[in-house]
Amino acid sequence: MSACQTYALPGNPGDRHVIPVSGGADSAYMAIWLTRLFPEVPFIYLFTDTGVEPPGCYEFLDRLATYLGRTITRIGDVSLYDLVNRYNSFMPSSSARYCTRELKLAPMEAYLEQLRQDGQHVHTYVGIRADEGFRSGLVSHRNWIETHLPLKEMGIVRVDVFRGLAETVGVPDTYRTRSRSGCGCCVFQRRAEVIGYLQQTPAAFAEAQSFEKLSEEDKLRHPDNATATWKET
């Protein structure tokens with residue numbers, strides 16, 4: 001983590017600094033070195049719960065909080081499946097990623113709105129690495145929230161993250177079968193990751209599977225000539 005010693009914390013005195021943690025490797029690494037580099041800053045560590053995180057996610061968050069000696073605030077009172085029901089069983093997809101907006105960004109903005117004082121500027125730090133040029137992170141439309149990508153700014157790549165975690169809190173157990181953090185039933189998972197979800201948490205997999213099956217009404221509207229993912233796995 002020595003390469004990060006030149007990082008300058010943005011903002012002005014009186015600003016709030018928020019580190020959203022997902023239970024994954026990148027945000028955990030970022031939280032550790034920002035805390036080491038600026039121990040005097042009262043960072044707010046925030047986890048927005050989708051209600052369908054892999055079980056190992058919560059255990060890792062507890063381990064991270066213990067290592068940091070700080071509290072990780074957990075927010076979110078609506079689960080992904082509640083949201084799907086609200087959308088009349090319309091599942092999220094790569095072209096309709098409403099889950100991230102409503103389960104991650106909106107709850108975080110609402111929490112920060114209550115937290116900030118009049119005129120206060122809020123800086124959030126997103127764990128996107130330098131070798132993830134295709135990702136830009138969620139950008140809020142609130143003019144008092146500014147998003148920063150310190151890992152990308154400092155040239156930190158995947159090998160740096162996993163080396164740093166191996167020396168501190170360890171790599172999250174969920175990475176045994178997954179490439180990154182997120183909902184256990186995330187639509188962006190690879191086929192092998194879906195199978196790993198089945199192997200590790202069969203009950204949670206069965207619940208996710210029940211949401212992906214067509215209702216009797218929908219079966220009348222769609223031809224039964226395709227093989228569903230749950231049948232292949």
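What do the buried residues of helix 2 pack against? They pack against helix 1 (25-37), strand 2 and strand 3, where contact means heavy atoms within 4.5 Å. Helices (H or I, at least four residues) and strands (E, at least two) are DSSP runs, numbered from the N terminus. The model is a predicted one, in which local features need pLDDT of at least 70 and side-chain atom pairs count only at pLDDT 80 or more, while totals for chains, interfaces and linings use all residues. Residues are numbered from 1 along each chain as its sequence is written, and side-chain values use heavy atoms, with hydrogens and water left out.

First, the chain as a whole. It holds ten helices and five strands. Of its 233 residues, 42% count as buried; buried means under 20% relative accessible area, exposed means over 50%, and partly exposed lies in between (1.4 Å probe, protein chains only). The chain exposes about 12600 Å², with carbon and sulfur atoms supplying 50% of that area (Shrake-Rupley method, 1.4 Å probe; for residues, only the protein chains shown count as cover). Take the contacts between residues at least 6 apart in sequence: 70% of them join residues at least 24 apart.

Strand 2 (residues 44-48) pairs with strand 3 (residues 72-75) in the parallel sense, over four bridges; two strands pair if DSSP finds at least two bridges between them. Within this pair, F47 stands opposite R74 of strand 3. To get from strand 2 to strand 3, the chain passes through helix 2 (residues 55-68), and this β-α-β crossover is right-handed. Right-handed here means that, with the strands pointing away from the viewer, the path from the first strand over the helix to the second runs clockwise.

Helix 2 itself has 14 residues and reaches 21 Å from its first C-alpha to its last, close to the 20 Å expected at 1.5 Å a residue (the expected span is 1.5 Å times one less than the number of residues). Its buried residues are C57, F60, L61, L64, A65 and L68. Seen down the axis of helix 2, they fall within an arc of 140°, so they line one face of the helix; the arc is that of the directions from the helix axis to the C-beta atoms. An α-helix has 3.6 residues a turn, so residues three or four places apart point the same way. The face turned away from the buried side of helix 2 carries the exposed residues P55 and T66. After helix 2 comes G69, with a positive phi near 70°.

Strand 4 (residues 122-125) is where V122 sits. V122 counts as buried because its relative accessibility is 1%. Leaving aside neighbours within four places in sequence, V122 is in contact with R16, V18, L112, R116, W144, I145 and E146. The C-alpha atoms of V122 and H17 are separated by 5.9 Å, although the two residues are 105 residues apart along the chain.

Strand 4 is covered on both faces: V122 and T124 on one side, and H123 and Y125 on the other, are all buried. In a regular strand the side chains alternate between the two faces of the sheet. Strand 1 (residues 16-20) runs parallel to strand 4, joined by three bridges, and V18 stands opposite T124. Strand 5 (residues 145-148) also pairs with strand 4 in the parallel sense, over four bridges, and here H123 stands opposite E146.
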